Amino acid sequence: MVMLLGLVFGPILVSIVQEPMKRMKNGRRLQKLVWVLIVVLSLVFLMARSTSGYLMVALLGLFTVLFAPRSTRKWLFITGAASLAVVISAYFFVPAIHDIFEKWLFAKQGTDNRLGGAIGLLQTFIHHPFFGVGFGNEGNFIEQFLPGWSKSNSEYINFYSKTAYPVLNDFLGWLARFGAIVVVSAIWLLGGLIVRSVNVYRQLVQSDKPEQIEYRIVIRAFFVMVPLTLMVAMITQINAFSWPMLLMYFFYWRVIHLAEDNVSKSA
């Protein structure tokens, strides 16, 4: 749920609050609503009490500051720094908050499995670098290359040793499953789409027409979603090939194509 909300809806919300809305009808109201949704979404991530939730809050906050206009970047940075200071102070001085962090973050189980599984996936890719081992076949290979020190934990003993070892790192999972040829080809296609989006975005920046503002918001959301997906995929499992993720990438591809047509007609 954290991955779905953060990667599918998070970039759009972050992009809307970064767009000046003076020329757009009801733009200010929309931004106020989106800020409320961002706060609610952040609370959902925190209430999930998972590493993925904390990670998503941190990354979306980072992208909100980095992609924000210069006029708002300063107060966003100050607000973020103040919030971080409050959280750190609460951890040290509020027993209830301290217990939450100790129980749900610092005492998190499964670290050995994530690191060991990542090593197993990397070894699988090294031994089958070009075409991988195929989707669904990676579990046995991970088990084969799994370090011995990562097997002495309850999660492995009670679950993973009795079933197929899961992919806990999506990026290495792509390499192990599909090999370098497929992954590099996908990155090359994605890179071409990024170049197209950058070129059309530069032209959209010069316009204040409502339609082009909407294109600008969506393309900037694409700029957030791509690095966000890659960063999270290098840390944990995000199920990037689920239908909501693929649907969003198709949506961005289509909007970029429409924006190129719109810019060409305007020129």
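**Nonpolar core and aromatic pairs**

The largest nonpolar core comprises 61 residues, and those with the most contacts inside it are Met56, Ile219, Phe222 and Leu228. A nonpolar core is defined as a set of buried Ala, Val, Leu, Ile, Met, Phe, Trp, Tyr and Cys residues joined through side-chain atoms within 4.5 Å. At least two residues of this core come from each of several helices, including helix 1 (2-17), helix 9 (170-204) and helix 11 (243-266). Helix 10 supplies the largest share, 14 residues. Helices are DSSP runs (H or I, at least four residues), numbered from the N terminus. The model is predicted, with local features requiring pLDDT of at least 70 and side-chain atom pairs pLDDT 80 or more, whereas totals for chains, interfaces and linings use all residues. Residues are numbered from 1 along each chain as its sequence is written, and side-chain values use heavy atoms, without hydrogens and water.

Phe222 is in contact (heavy atoms within 4.5 Å) with Leu190, Leu193, Ile194, Ser197, Tyr249, Tyr252 and Ile256, neighbours within four places in sequence being left aside. One aromatic cluster is formed by Tyr201, Phe222, Phe223, Phe251 and Tyr252.

Across the whole structure, 9 aromatic pairs are found. Rings of Phe, Tyr and Trp (its six-membered ring) pair if their centres lie within 6.5 Å; planes under 30 degrees apart count as stacked, over 60 as edge-to-face and the rest as tilted. Tyr156 and Tyr165 form a tilted pair, at 6.2 Å centre to centre and 45° between the planes. Tyr156 is buried at 8% relative accessible area, as is Tyr165 at 3%; buried denotes under 20%, exposed over 50% and partly exposed in between (1.4 Å probe, protein chains only).
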